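This briefing covers a sheet, a set of salt bridges and a cavity. Please keep the structure in view while reading.

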Amino acid sequence: MTIPGFFRRCYELIIKRPKGSLDFILDTVSYLAKSSGVLGMPVAVTIEPTNRCNLRCPVCETGTGILGRPKKDMTLEEFRIILEKIGRHLNSILLYFMGEPFLNKDTYEMIRMAGKYGIYTSVCTNGEFVDPDKLIGTGLNEISFQIGGITQETHCVYRVGANLEKCLTNLRKLVALKRERKTANPKILMGFIVMKHNEKEIPEFLKLAREIGVDGASVVEPCVRTPEQAREMLPTEDKYWLYDRRAFEEKGLLLPRVTGGDSCPWIYYSMTITAAGDVVPCCRDAKGEYVMGNLLRQGLGEIWNGRRFRAFRKSVLKSKKKAALCRLCSGYRPPVLYNGN
């Protein structure tokens, strides 16, 4: 965000006044000043209801069994404790990280609890454990069903162990319930994880999404961790690459397509909270190797502007290229602030 862009954004926020506006403005001041501390509090967080999953996706640390964290479901009481500490600042929560959120039976109540704080709540799912009857009345704002193909055969190449029909049955039922109740929420999305084996199915995916009647459909660029995975999985079309294709094809290097220089807005506006309550800088830290603190035992300010988080921001500002966590990141813009929940 440029300085002129900052003033335009501030004007918009003063007029619309969405939840978290003041913190967003203060976060932006800190980001533009390249400060290691942040004047405002985080306005958008990721919270992990569980790090368990029923699938074995070959890029995912959970799916491959290398997550390195004990399997854990966040309890409703733990979620309540965390919300009491951060809820008044938050504009949005993504209830999803390194597991299938609906394996935790308390996720439905977590959504309701977040809604009481006026927080825009979204979730991403493989769709197999969604209970549409339970979900439709929770007040969830947005849900994305992400598939890996439009046939069982192509879907389970990446979504190993998945049942496509089970996912689509739950999706269709949720769409039907939303129409029946004539409600705006949740916004129902479909995502298609595009890879070399399924990219020819994109037109059929978009057709399927229209037939089901979802509110939006998108093609999701795949993430990989190694050059070997890149050669096996990345699609042929450049527009679906998050990585520098020239560097990869000429030198065998897996590098982000967009680096954004030595800055990262995300660590000024957001953080990720694991099922155990640990705070890590962002979704890149799947294994929880950069723990900034624990919200079940510490206060928000103590962590957000604590020694570890300030040191991490300093390391990114000094040289993002040398920050191991940022090695494959293509960069993120400041989060969207939603009006109302």
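Strand β3 (residues 120–125) is joined to β4 by four bridges, and the two run parallel. The model is predicted: local features need pLDDT of at least 70, side-chain atom pairs count only at pLDDT 80 or more, and totals for chains, interfaces and linings use all residues. Residues are numbered from 1 along each chain as its sequence is written, and side-chain values use heavy atoms, with hydrogens and water left out.

**Sheet**

- Strands here are DSSP runs of E with at least two residues, and helices are runs of H or I with at least four, both numbered from the N terminus.
- Two strands count as paired if DSSP finds at least two bridges between them.
- V123 has I143 as its bridge partner in β4.
- Strand β4 (residues 142–147) is also joined to β5, by six bridges, and these two run parallel.
- F145 is partnered in β5 by M190, and M190 in turn has A217 as its bridge partner in β6.
- Five bridges pair β5 with β6 in the parallel sense.
- From β5 the chain passes through α8 to β6 in a right-handed β-α-β crossover (with the strands pointing away from the viewer, the path from the first strand over the helix to the second runs clockwise).
- The open sheet has nine strands with mixed pairing, in the order β6-β5-β4-β3-β2-β1-β7-β8-β9.
- Its edge strands, β6 and β9 (293–294), each pair on one side only.
- In strand β5 (residues 187–193), six of the seven residues are buried (buried means under 20% relative accessible area, exposed over 50%, and partly exposed in between, with a 1.4 Å probe and protein chains only).

**Salt bridges**

- The structure holds 14 salt bridges (a side-chain nitrogen of Lys or Arg within 4 Å of a carboxyl oxygen of Asp or Glu).
- D215 and K178 form one of them, at 2.6 Å from N to O.
- D215 lies in the loop between α8 (202–212) and β6 (216–220) and K178 in helix α7 (residues 164–181), so this pair ties together parts that are 37 residues apart in sequence.
- D215 is partly exposed at 40% relative accessible area, whereas K178 is buried at 12%.
- E109 and R112 form another salt bridge, their closest N and O atoms being 2.9 Å apart.
- Both E109 and R112 belong to helix α4 (residues 107–116), three residues apart, about one turn of the helix.
- E109 is partly exposed at 37% relative accessible area, and R112 is partly exposed at 31%.
- E249 and R245 meet in a salt bridge of 2.8 Å, N to O.
- This pair sits in helix α10 (residues 245–251), four residues apart, about one turn of the helix.
- E249 is exposed, with 55% relative accessible area.

**Cavity**

- A search of the whole structure finds one cavity of 30 Å³ or more (on a 1 Å grid over the protein atoms alone, a set of points where a 1.4 Å probe fits but cannot get out).
- The largest cavity has a volume of about 110 Å³ (the space filled by probe spheres set on the points, which are joined across faces, edges and corners).
- Its lining consists of 14 residues, and C264, I267, C282, C326 and C329 lie nearest the centre (lining residues have an atom within 4 Å of a point).
- The lining divides into 10 nonpolar, two polar and two charged residues (Ala, Val, Leu, Ile, Met, Phe, Trp, Tyr, Cys and Pro count as nonpolar, Asp, Glu, Lys and Arg as charged, and the others, Gly among them, as polar).

Methods
On a 1 Å grid over the protein atoms alone, a cavity is a set of points where a 1.4 Å probe fits but cannot get out, and a pocket is an open set with protein on both sides within 12 Å along at least five of seven lines; lining residues have an atom within 4 Å of a point.
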